[in-house]
Amino acid sequence: EDVHLIVQRKDSDCLTCCLAEIFNLPYEKIPRFYELYDVNNWYSKYYEFVKSLGYDIITLRTGWDRVNNALKIYDFPHTSFTGIGTLKKRNRKYGHAVIITYENDRDLIRVKDPKENLGYSLSDIIDIEIFVSGIKN
């Protein structure tokens, strides 16, 4: 059964919606990072929140393969994963978060967007953050 992603309630809560679904938490339990924290420190608060859930963040670099017209994932884990994709367009000041699921056995990428019809495509993904547990510092 397909789970429907929590729909954005404000322009700045796409990350909150994605985290709520990935970690199966109520929307109200996730901080609104863009609203609560300064532009210079929201990411550290996001990282602290993910750490409090027992996970670390690994960022996968991405690019667009124009020859094959496909998303290229560098540092690829060669396993299925679900994470948060950051999308960015040159003409927009802020990025947008979506859920990216990669199914290794089917070589399939699925995207769940908390706010539909924003005009983004796979070629706008600048990175994907996956959450892993058990990493020792």
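**View 1. Residues around the centre of the largest pocket.** In this predicted model, 26 residues line the largest pocket, and those that lie nearest its centre are Cys 14, Tyr 34, Tyr 94, Gly 95 and His 96. The volume of this pocket is about 620 Å³.

**View 2. Helices and strands in the pocket lining.** At least two lining residues of the largest pocket are supplied by each of helix 1 (14-22), helix 3 (42-52), strand 3 (81-87), strand 4 (96-103) and strand 6 (125-132). Helix 3 gives the largest share of this lining, with 3 residues.

**View 3. Residue classes in the pocket lining.** Sorted by class, the residues that line the largest pocket comprise 14 nonpolar, 7 charged and 5 polar ones.

**View 4. The ring pair of Phe 33 and Phe 49.** The model has a count of 8 aromatic pairs. One of the aromatic pairs is formed by Phe 33 and Phe 49, whose rings lie 6.0 Å apart, centre to centre, with 65° between their planes, an arrangement that counts as edge-to-face because the angle is over 60 degrees. This pair links distant parts of the chain, since Phe 33 belongs to helix 2 (residues 33-36) and Phe 49 to helix 3, with the two residues 16 residues apart. Both Phe 33 and Phe 49 are buried.

**View 5. The aromatic cluster that includes Phe 33 and Phe 49.** Together with Trp 42, Tyr 43 and Tyr 46, the residues Phe 33 and Phe 49 form one aromatic cluster. Helix 3, where Phe 49 is found, spans residues 42-52 and is also among the elements that supply the lining of the largest pocket.

Note on methods. Residues are numbered from 1 along each chain as its sequence is written. This is a predicted model: local features need pLDDT of at least 70, side-chain atom pairs count only at pLDDT 80 or more; totals for chains, interfaces and linings use all residues. Side-chain values use heavy atoms; hydrogens and water are left out. On a 1 Å grid over the protein atoms alone, a cavity is a set of points where a 1.4 Å probe fits but cannot get out, and a pocket is an open set with protein on both sides within 12 Å along at least five of seven lines; lining residues have an atom within 4 Å of a point. Grid points are joined across faces, edges and corners, and a volume is the space filled by probe spheres set on the points. Helices (H or I, at least four residues) and strands (E, at least two) are DSSP runs, numbered from the N terminus. Ala, Val, Leu, Ile, Met, Phe, Trp, Tyr, Cys and Pro count as nonpolar, Asp, Glu, Lys and Arg as charged, and the others, Gly among them, as polar. Rings of Phe, Tyr and Trp (its six-membered ring) pair if their centres lie within 6.5 Å; planes under 30 degrees apart count as stacked, over 60 as edge-to-face and the rest as tilted. Buried means under 20% relative accessible area, exposed over 50%, partly exposed in between (1.4 Å probe, protein chains only).
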